[in-house]
There are 2 protein chains.
Amino acid sequence: MILTVTLNAALDVTYFVDDLTPHTSHRVKRTFERAGGKGINVARVLAALGHPVLLTGLVGGTTGQAVGEDLRSAGLRDALVPVPGESRRTVTVVSERSGDATVFNQPGPRVDPCSWPAFTRRFAELAGQARVVVLAGSLPPGLPCDTYASLVTAAREAGAVTVLDTSGPALLAALDARPDVIKPNAAEIIEVTGRSHLADAAAELQARGARAVVASDGPRGLHAVTRDGRHRAVPPTRLRGNPTGAGNPTGAGNPTDAGDACVAALAAGLAAGLPWPDILRDAVALSAAAVAAPLAGDFHRDLYEQFRTDVSVETPHAPDAH
Amino acid sequence: MILTVTLNAALDVTYFVDDLTPHTSHRVKRTFERAGGKGINVARVLAALGHPVLLTGLVGGTTGQAVGEDLRSAGLRDALVPVPGESRRTVTVVSERSGDATVFNQPGPRVDPCSWPAFTRRFAELAGQARVVVLAGSLPPGLPCDTYASLVTAAREAGAVTVLDTSGPALLAALDARPDVIKPNAAEIIEVTGRSHLADAAAELQARGARAVVASDGPRGLHAVTRDGRHRAVPPTRLRGNPTGAGNPTGAGNPTDAGDACVAALAAGLAAGLPWPDILRDAVALSAAAVAAPLAGDFHRDLYEQFRTDVSVETPHAPDAH
């Protein structure tokens, strides 16, 4: 079983308007609501691939109820832990005229320190049943920046492999706990290392504690630094110019969709014990198939099958000494 | 007792961002939520003035629950009727840099025709206990445009005086039922009559069925056509240049705040049996005091007391023949 953790779960709301004009009033023509947050999106992809998956995280208030109801209506198994306060919403305003999306991200409820031990107890139980634990997304206000470090440690003690997808101080602080895989994107990796050469920056993050680093470079594929060396997984040329979902019916094409699909593929590959080249090939194919799908957590199944045979994986560098 | 009706109740949410830049992602720095909708705002003003007030309307889903909870936490008595579906939210994005507000209005849930008879039965009971019934705001999807006409008739049969504040087809269709007072603003009156001379347009709406018409002309005051003639109520000169709440700490200054306060003053004056010049003087003073307050349904109490002595009411025209 794969366990995904979403500490800052959200209700993702999309508003469709004719056109967004700042400082005026808009009639919202239709709305679309869905449970969101990186760990939830990863769980959707894994469930769609047929993997046994359970999701946990923190939810609160009526928005948290709506998150839980949406997950259950989608057939996803959850072990969400209720906390005081109100879960956040994200509002994406889609201009139907241009197809452009404008996003408003609420920070999420401040987590009461008193409710954290209840979550960690539950997490340790669940991680004990999991082969892989995915920790994904931002930390809600109120949790210390070493929160992911403590969850990585707890997951390892419970016998699970960890995949971490977060950014900034939460990512840096987690490296000390030696997560099995981290998956920063180019912007995140530059933010935390100050280096724009992705393969070198990935190697630096490995030296700082991550056992493997899979750095996503948008439509140009993945740079990975693992125990058995450096890898480069590259999608077929015709996909490289299409980073944000042309033809996406919501107009809200978002590179993070690809990121969540990539994390799902990494988790699935680790759970199945696949070798790194196979894991990375799947991750690139699934990311590209997610970009072609309309919603976070979805992917285009036929394209995925087709892309799997198209991705090239190069392992030009010898394994590192450590 | 004054009964206010909000058929399209909302949870009004304000998002504070640094600056609104279309087609980018924004971090929402803080949020503010409050039950909204015109009838609810009118009830807030009446309660703050010390008038016995009860509010009813339609609410649904978890957003409807949040509306009810906010009303109860504000100490407002409600007899809201639950309906299937989810009450709407309005999202106001305030750019802290400029103070400008960008508003997204959801249309509201489609009202199931099966739930309407339960509301009308409840409404008739409540109207029987009321001296004045305020019907305010847009109709939610699913209700016919003569909905307010049927509620005006039911309120009259129950012995209550009606004040109607709506626009467009819902306003026009209600005229046949002869509401006691309608309160269109300049934009609404031009929309339904095609006339930009407010006093003449008000007289036309009276001829088409309204017993009295109080047309608000923003900071320039009110034009009223009543049984005892035409009136013009004008705020003191120094207020006329301040239509949208300069100094409003939310930055979301909104002329509709003044409209809701105006309706509250009309309802209070009718309930107290005041003569029209006194009602209109209060309505102008309370509108101006609401513009100076930060939130819909609030007003600046000291300014209100001061403005009441400053408003001039002219009755230059003789009563109409009918």
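H26(A) stands opposite F104(B) in β8(B). The two residues belong to a predicted model, in which β3(A) and strand β8 (residues 101-105) of chain B pair in the parallel sense over 3 bridges. In total, 24 residues of chain A are in contact with 24 residues of chain B.

- On the side of chain A that touches chain B, at least two residues each come from β2 (10-17), β3 (25-27), α2 (61-73), β7 (88-95) and β8 (101-105).
- The element of chain A that gives the most to this side is β8(A), with 5 residues.
- By residue class, the side of chain A that touches chain B holds 12 nonpolar, 10 polar and 2 charged residues.

**Symmetry**

- Chain A is superposed on chain B by a rotation of 180° with 0.0 Å of shift along the axis, at an RMSD of 0.0 Å.
- The two copies are therefore related as by a two-fold rotation axis.
- T62(A) has the C-alpha nearest the axis in chain A, at 2.8 Å from it.
- Both copies use the same surface, since 100% of the contact residues of chain A recur in chain B.

- Strand β10 (residues 161-165) of chain A is mostly covered, with 5 of its 5 residues buried.
- On one side of β10(A) the buried residues are V161(A), V163(A) and D165(A), and on the other they are T162(A) and L164(A), so that both faces are covered.
- In a regular strand, side chains alternate between the two faces of the sheet.
- β10(A) pairs with strand β9 (residues 132-136) of chain A in the parallel sense, over 5 bridges.
- Within this pairing, L164(A) in β10(A) is the bridge partner of L135(A).
- From β9(A) the chain passes through helix α4 (residues 147-157) of chain A to β10(A), in a right-handed β-α-β crossover.
- β10(A) also runs parallel to strand β11 (residues 181-182) of chain A, to which 2 bridges join it.
- Here the bridge partner of V163(A) is V181(A) in β11(A).
- The β-α-β crossover from β10(A) to β11(A) goes through helix α5 (residues 168-175) of chain A and is right-handed.

**A residue of helix α5 in chain A**

- L172(A) is in helix α5 of chain A.
- L172(A) counts as partly exposed because it has 19 C-beta neighbours inside 10 Å, where a buried residue needs 20 or more.
- L172(A) and V263(A) are 91 residues apart along the chain, and 18 Å separates their C-alpha atoms.

**The sheet of chain B**

- Chain B has an open sheet of 10 strands with mixed pairing, in the order β6-β5-β1-β9-β10-β11-β12-β13-β14-β15.
- At the edges stand β6 (78-82) and β15 (312-314) of chain B, each with a single partner strand, so one side of each lacks a neighbour in the sheet.
- An antiparallel pair in chain B is formed by strand β12 (residues 212-216) and strand β13 (residues 222-226), over 4 bridges.
- V213(B) has V225(B) in β13(B) as its bridge partner.

**Helix α4 in both chains**

- In helix α4 (residues 147-157) of chain B, the buried residues include T147(B), Y148(B), A149(B), L151(B), V152(B) and A155(B).
- The elements of chain B that cover these buried residues include β1 (2-6), α3 (116-127), β9 (132-136), β10 (161-165) and α5 (168-174).
- After α4(B) comes G159(B), which has a positive phi, near 95°.
- In α4(A), T147(A), Y148(A), A149(A), L151(A), V152(A) and A155(A) are buried.
- Their cover in chain A includes β1 (2-6), α3 (116-127), β9, β10 and α5.
- G159(A) follows α4(A), and its phi is positive, near 95°.
- An α-helix has 3.6 residues a turn, so residues three or four places apart point the same way.

**Nonpolar core**

- The largest nonpolar core has 218 residues, of which A267(A) and A267(B) touch the most other members.
- Leaving out residues up to four places away in sequence, A267(B) touches I2(B), V42(B), L46(B), V132(B), V134(B) and V163(B).
- Nonpolar side chains tend to be buried together in soluble globular proteins.

Note on methods. Residues numbered from 1 in each chain as written. Chains lettered and ligands numbered in written order. Predicted model: local features only at pLDDT ≥ 70, side-chain atom pairs only at ≥ 80, totals over all residues. Core = buried A, V, L, I, M, F, W, Y, C linked by C-beta atoms within 7 Å. Buried ≥ 20, exposed ≤ 12 C-beta atoms within 10 Å, placed from the backbone. Contact = placed C-beta atoms within 7 Å. Least-squares fit on C-alpha atoms with pLDDT ≥ 70 in both. Nonpolar A, V, L, I, M, F, W, Y, C, P; charged D, E, K, R; others polar. Pairing = 2+ DSSP bridges. Right-handed = clockwise from strand over helix to strand, strands pointing away.
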